[in-house]
Structure formats: structure tokens, C-alpha cells
Amino acid sequence: MKILIMGAGKMGSFFIDLLSFDHEVAAYEKDARRLRFTYNCQRFTALDEVENFQPEFVINAVTVKYTIPAFEEVLPVLPEDCILSDISSVKTGLKDWYGQCGHPYVSTHPMFGPTFANLNQLSEENAIIISEGDYMGRIFFKNLYQRLDLNIYEYSFEEHDRTVAYSLSIPFVSTFVFAAVMKHQDAPGTTFKRHMRIAKGVLNEDDYLLQEILFNPYTHDQVAQIRTELKELLQIIDNKDARGMEAYLAKIRRHVKN
């Protein structure tokens, strides 16, 4: 299959490496410097090259802020039956856009990234395939993710956004709070250093991605739960309530265990 991958960043390069030995792959990236280390693929920086390539499948791996604009840029030069796909962690506006774009589509979300995941060992990582969209496109990604030994879940666009609000907004906000109150330590403990590594990884993400995840309409209720729990914990601390602390720790250990 002739596959065009848009964007040669971390995830775009990952998909180029993953697919280039089984398919005819081309990478479209305006910043030619990002194409220096791509391997076994054609490298495009102009739309006429995309048009001449005539892809059958497009994987949009650009920064989430530009997902829809990138699609709109290449749409005029794509064959009518070309399947469009995205791997965006934020699906805001995509369902409506796909509905009017005139192309078959599939939307997925690999729930991992090069910041934290071991890309050579993904058996403990997850991927979401949106249940709406083109059947053959879904089969393509299902087979691909199975090869990677990923755990695959099928959700609607709405179910995906609810899941992301829970699985990303809570860790992100917790990390923000840690980073906001932390002070430099000359001799940090192991737990502090681990939290610091996580904070640096999260804060290395694109600002727009962090913003859109937190602006997800389902995020507010998740963040409000953090505020409620902090209020309860602060009350236990202020009262030096040993029994209350014991009960609280038992509760949260059950959550972690489950």
C-alpha cells in the first residue's frame, strides 16, 4: 500500500520506521531538517510531490494544533478514495470534519509516546481505535497494533474523550501541582527524583496539546475530584487524625490495587 505520513516528529518517525518495510511509505514534512534521519522512505516537502505519489492511505502525525489544517492542505491533491487517518490524543472537532471531508477515514490514539514508553516493548501499552469510520481503515490499524502487542480498545469519539479526560488530565494536573510547589533540593530522595522525571517529561509536551487535553469538556469533573480529595486530606493532616489517615490510606491502596 502507498502510505503518506504527515509529520516527521517523534510519532511520525515511529510510524515511518514501523511501516516502511511492508509498504511504500512517503513522509511529508515542511521542515526538511526533520527528514534527515528518516530511513527507507520517500521524503517530500512540497504538495506537488504528494500529488505525484498518489497515496492510498494518509496517517496524520503532525502536532495536534495543526491536525485539521494539515488535512485541509493536502486534501486537494489526494485521490478520492484515499483513506485519511489521525493518531491525535485530542479528537476535538475531528468527527464533524471527517463527516464533511468526502473521504473514508479512521481515527486512532496510541496511548503511549516516546517520552515515557519503551517503543521496543509495548505489551503493557494501550491503543484506542475509534469505532466510527471506515471498516478497512480500522482493520489496518487493528492488525498493526496487534503486531506491536498493544492492548486494543474500541471507543466512539465521545467515549474516547471521556477516557482521555480521566487517563491524562488527572496525571497532568497532579504533575502541574507538584511542579508548582516544588523547590530545588540539593539531596533529593528517590521518590522526589522520580516525580521530577515525570514532571520534566510532561512539561516537555507541546503546550497546545496540554491545553486541549485540559480544555476537554470532561476534564473539569476529573480535576474537581482532585480538589475534593485534597480538602479531605488537608483536614486529616490539620487534625492529626491517625485513624482518619489510616482509613484514607486503606481507601487509596484499594484504588491502586484495583
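The dialogue that follows treats a strand, a loop residue and the aromatic pairs in turn.

Me: On what basis are the values to be read?

Reply: This is a predicted model, in which local features need pLDDT of at least 70 and side-chain atom pairs count only at pLDDT 80 or more, while totals for chains, interfaces and linings use all residues. Residues are numbered from 1 along each chain as its sequence is written, and side-chain values use heavy atoms, with hydrogens and water left out.

Me: Why is strand S6 described as largely enclosed by the rest of the structure?

Reply: Strands (E, at least two residues) and helices (H or I, at least four) are DSSP runs, numbered from the N terminus. Buried means under 20% relative accessible area, exposed over 50%, and partly exposed in between, with a 1.4 Å probe and protein chains only. In S6 (residues 105-110), 6 of the 6 residues are buried, so the strand is largely enclosed. Tyr105, Ser107 and His109 point one way, and Val106, Thr108 and Pro110 the other way.

Me: Which strands pair with S6, and in which sense?

Reply: Two strands pair if DSSP finds at least two bridges between them. S5 (residues 83-86) pairs with S6 in the parallel sense over 3 bridges, with aspartate 86 opposite serine 107. S7 (residues 126-130) runs antiparallel to S6 and is joined to S6 by 3 bridges; here histidine 109 stands opposite isoleucine 128.

Me: Where is threonine 38 found, and is this residue buried or exposed?

Reply: Threonine 38 is in the loop between S2 (24-28) and S3 (42-44). Its relative accessible area is 12%, so threonine 38 is buried. Contact means heavy atoms within 4.5 Å. Leaving aside neighbours within four places in sequence, threonine 38 is in contact with Ala8, Ile16 and Arg43.

Me: How many aromatic pairs does a search of the whole structure find?

Reply: Rings of Phe, Tyr and Trp (its six-membered ring) pair if their centres lie within 6.5 Å; planes under 30 degrees apart count as stacked, over 60 as edge-to-face and the rest as tilted. The search finds 15 aromatic pairs. One of them, phenylalanine 21 with tyrosine 39, is tilted, at 6.2 Å centre to centre and 45° between the planes. Phenylalanine 21 is exposed at 61% relative accessibility, and tyrosine 39 is exposed at 56%. The rings of tyrosine 98 and tyrosine 105 have centres 4.2 Å apart and planes at 5°, so this pair is stacked. Both tyrosine 98 and tyrosine 105 are buried.
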